[in-house]
Structure formats: structure tokens, C-alpha cells
Amino acid sequence: MEREQMRALQSERLVATVKRCYENVPFYKQKMDELGITPEDIKSIDDIVKLPFTTKHDLRDEYPFGLQAVPMSDVRRIHASSGTTGKPVVDTYTEADIDMWAEGVARVMAAGDIGPGDIVQVSYGYGLFTGGLGAHDGAAKLGAVQLPTSAGNSEKQIMLMQDFGSTALACTPSYALHLAECIEKSDEVQLENLKLRVGFFGAEPWTEGMRKELEQKLGIKALDIYGLTEMCGPGVGGECEMQDGTHLWEDMFYPEIINPDTLEPVAPGEFGELVFTSLCKEAMPILRYRTRDLTRLIYDKCRCGRTAVRMDRILGRSDDMLIVRGVNVFPSQIEAILTEFEFFTPQYFITVDRKGNEDTFDLDVELRSEYFSPNPAKQMPFIKPLYDRIVSVVGIKPNIHIKEPSGIARSMGKAKHVNDKRNFHA
Ligand code: DLL
């Protein structure tokens, strides 16, 4: 869709969404009353900046159904994401919401050429987490076979992958890496016997280095899929076959980038916090939701021909950012550096602590088995270049520990890469 046409559609949908919020959700009526605005003040998408923000804090205060704009008799599904602290974030869906969500995922899977005859192995967790059922419904919309293995039971996963001839894999990139490792170790399952050709990986930040690793280890094209529970789940956007940025389905979710301190929009192309307004959601419409995800938007046309805006890889959530000895560190920076070295696996675990007045930064990494030796003297030649690279790129001096192969815990869903022990001393 050309930009002007898109803006007309966004305007029409925003007007309807604001009206829906004002009339049906007391929380939004109160917020808009406080700002002295009514739905009549919102005439086009340009007026979006007049609207109030919604924060994770607001969702907690309104837990569980305070933001719902329809009676429960119109709701067909409830999902929730396990918040790290306190109550989970809840989303509810009408029939139309579920259909719109499936459309978003289907657009991503279509970029991976999924259709009838494809077997999509869904190894995201099924349950309250949106990954499993979200990917499932997206595959269904394209007429593909849904293989709901869910996460876990990895030996069986790879056996079914081979026996059933799965052509696509949908799971977190960290779990995909674990499955790839299981295939490498397996006597029964061989890469050349797999029919896998594409992967839809998301739910956590990952890097170009990890993409190369997964593409090579699994013999696939690896595509990024992005989303969050508050908007529906996976499929708010995804990569196309060009693998050059994540298209956001901006006819359904309007994106803005703001400066998280001033809350003002940043200049086009600059990094900042991603904010979404849902344009089609019925059950739980959301105005200007502050995702805390840090990225930038790219409005140049993509070589694939799709006109939907693209976003850069997510640097991380602002809440994931560590401040160590005054230096900002995103865990995904460590993954990016590790994948520059052929002798390290992309697995890592960071422990931050405080000794006296000084922050400590310990980094567990793994050597590929062909390079591993338990002898510390033989590890030194590997540690030194990694140390130097982290000092020069990130600006902190890590204490690096080499673990034995598979010595770092693997995850089935979103990987946990950090233990910040300083929180316990606070
Ligand atoms: O993770 C939905 C999802 C499921 C997306 C499966 C993709 C695939 P939540 O649990 O609510 O929902 O977590 C949302 O995860 O705000 C980002 O911080 C992060 N995230 C999701 N996808 C990506 C991605 C699901 N592709 C939060 N790259 C988001 C980086 C991602 N971060």
C-alpha cells in the first residue's frame, strides 16, 4: 500500500479505536479527560501525539480486565505473559482479534513461502504464552500443517522433525540453537535427512551471528518474527525474504519511536523506545503503549516490494540494560561479539555483582568441543582475544570463565542470560 493510502487507513482506524477506548474503557476516558481531549480531537493519524501513553505499570494497575472494551461474552481467548515481577500482563481477544493476529503471523510465514503441504513445527510453548498458539494459528491461516510439539522434550522433537518431514520450525532462537546441538549429537537424526528449509525465530533479542549459526547448523533460512502480548503476541511484524529489517504491520499496529526521557518523538531514523497503538483490536485496544524495546524505524522502501515500515533489530528492552561501573551493557552485545569467533559457541551467561564499591562482571562462555581443554593454560589463547574485544566494544573488563561444552544451561523458551546479584544487596 502506498504511504498516503496507508495513512488514510491508519487515520480511519485510529479514530475508531480512540472512540472505542473513550466510550468503553474508564481508564482511557479518565486519561483523556485529564488531558482535556475528546475523541473529536483525533481526526487523523497525525493527532496521535495528543493521546496519552499507556505503560506496563498501567496494565498492572488495571489487572486483569480493566482495559477490556467488550463484555466477556464477546471474548474467546485470554493470554498472559509472565512478568518478571508481580502480576502477569493480560491480553484478551474477540474472534476478530484472533483472526487479525493470525493474519499478522501468516504475513511473516508467507515471506518464508509457507503454504499447503508445509509442516510447521511449532516449538514455542503452548499455553498462556502467546508463542505457541500464535504461530499455530498463523500456519493454519496459510493452509499449512500445524505440528504442535510445544517446547521441550528435545530428543523427541528432532526425531519427529526427521520422521514427519517438518519444513519449518518456529521457536525462540536460543531453543533453535539447542535443537541444532541435539541434532549434531544425535546418532539417529541427521541434518541431511531433514526437510527443514525455514525458521521463524523471535520472542527474544538475537544477532546476525546467531542467524548465521542457525542457518548453517539447520540448513535453513532464518527469519525474525517480532511481537508482544500487549498487542496480541507474535506477528506484530517479521522479516521478509531480504532479511533486511523487520516489517511492522502498521495497518494493525501503529509504531512510533520516542525519546524515553522526554517522551517526544525522535527524528526519523533515530534510535529510541518503540511505542504501539493498536488500530484493529476490539477486546483490549491500547493507545501509545510504551514497549521499552529500543530500536529505530526505517521508512525507505524495501527491496522485497512491501511498503510496510521496517524496524532495526531490537537492541533489547530498556529493563534488560545493565549498568556496570557506569557503562551501559546490553546482553545481546555479548552474543554479537561471541559469534565473531569461530571457537566460541553463542552460549553465554553473565553474573553481575558488587564487591565493596566495585561492580563485577563475570562472563561464562563455551568453547566448541573441538577447541575445549580443561587445562587453563590451553584456554588462555581463546580468552585473550575475547577479553580484548569486549573491552574495546563494550568498554568493560570482564572476568571470563570457560565452561565445558554444554556447561551453560539451555532454555526451551526465552533464554535467561543474566543474574544481577546487586539487586539482592539493595
Ligand atoms: O514474546 C511474543 C512472541 C512470541 C514474539 C513468539 C515472537 C515469537 P512477550 O512474552 O509479551 O511476547 O514478550 C514481548 O519480547 O517486547 C521484546 O522485548 C521481546 N521480543 C519479542 N520478539 C522479539 C524479537 C512475545 N524478534 C517482548 N527480537 C518484546 C527481539 C523480541 N526481541
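Predicted model: local features only at pLDDT ≥ 70, side-chain atom pairs only at ≥ 80, totals over all residues.

**Entry: the ligand**

I began at the ligand, where a polar side-chain atom of Asp224 lies 2.7 Å from a nitrogen atom of the ligand; I count a polar contact as a pair of N or O atoms within 3.5 Å, and within protein one must be able to donate a hydrogen and the other to accept it, with residues adjacent in sequence counting only if both atoms are side-chain atoms. Residues are numbered from 1 along each chain as its sequence is written, and side-chain values use heavy atoms, with hydrogens and water left out.

Ile225 uses its backbone: an N or O atom there lies 2.8 Å from a nitrogen atom of the ligand. On Asp293 I looked at the side chain, where an N or O atom is 2.6 Å from an oxygen atom of the ligand. Which residues come nearest to the ligand? Of the 22 around it, they are Asp224, Ile225, Thr229, Asp293 and Arg317 (a residue is near a molecule or strand if one of its heavy atoms lies within 4 Å of it).

**Entry: strands around Asp293**

Asp293 turned up again when I looked at strand pairing: its bridge partner in β15 is Arg317. Strand β15 (residues 316-317) runs antiparallel to β12, and two bridges join them. I take helices (H or I, at least four residues) and strands (E, at least two) as DSSP runs, numbered from the N terminus, and two strands pair if DSSP finds at least two bridges between them.

β12 (residues 289-295) also has β11 (residues 272-278) as an antiparallel partner, joined by four bridges. In that pairing, Glu273 stands opposite Leu294. Is β12 mostly covered or mostly open? It is mostly covered, with six of its seven residues buried; buried means under 20% relative accessible area, exposed over 50%, and partly exposed in between (1.4 Å probe, protein chains only).

**Entry: the open sheet**

I then traced the open sheet. It has nine strands in the order β4-β3-β5-β6-β7-β8-β9-β14-β13, with mixed pairing. The edge strands, β4 (145-147) and β13 (297-298), each pair on one side only.

I checked the β4 end. β3 (residues 119-122) pairs with β4 in the parallel sense over three bridges. Ile119 has Val145 as its bridge partner, and Val120 stands opposite Gln146. Where do the β3 side chains go? Ile119 and Gln121 point one way and Val120 and Val122 the other, and all are buried.

Helix α8 (residues 208-218) lies across β5 (168-171), β6, β7 and β8, and runs at about 130 degrees to β7. Axes are lines fitted to C-alpha atoms, for helices over the stretch in contact, and angles run from 0 to 180 degrees between N-to-C directions. Contact means heavy atoms within 4.5 Å.

**Entry: Thr149**

Thr149 sits in the loop between β4 and α6 (154-164). Not counting residues up to four places away in sequence, I found that Thr149 touches Gln121, Val122, Ser123, Gln157 and Leu160. With Ser123 there is a side-chain polar contact of 3.3 Å. I also looked at Gly125, 24 residues from Thr149 along the chain: their C-alpha atoms are separated by 8.5 Å.

**Entry: helix α2**

In α2 (residues 26-35), I found Phe27, Tyr28 and Met32 buried. They share a side of α2 because they cover an arc of only 120 degrees around the axis, the arc being that of the directions from the helix axis to the C-beta atoms. Pro26 and Glu34 are exposed on the other side. What covers the buried residues includes α1 (3-24) and α3 (56-61). After α2 comes Gly36, with a positive phi near 70 degrees.

**Entry: two buried residues**

Asp251 is in the loop between β9 (246-248) and β10 (253-258). Asp251 is buried, at a relative accessible area of 12%. Its contacts, leaving out residues up to four places away in sequence, are Met6, Leu9, Arg13, Arg107, Leu279 and Cys280.

My last stop was Ser332 in helix α9 (residues 331-338). Ser332 counts as buried at 16% relative accessibility. Beyond its neighbours within four places in sequence, Ser332 is in contact with Pro205, Thr207, Leu315 and Tyr348.
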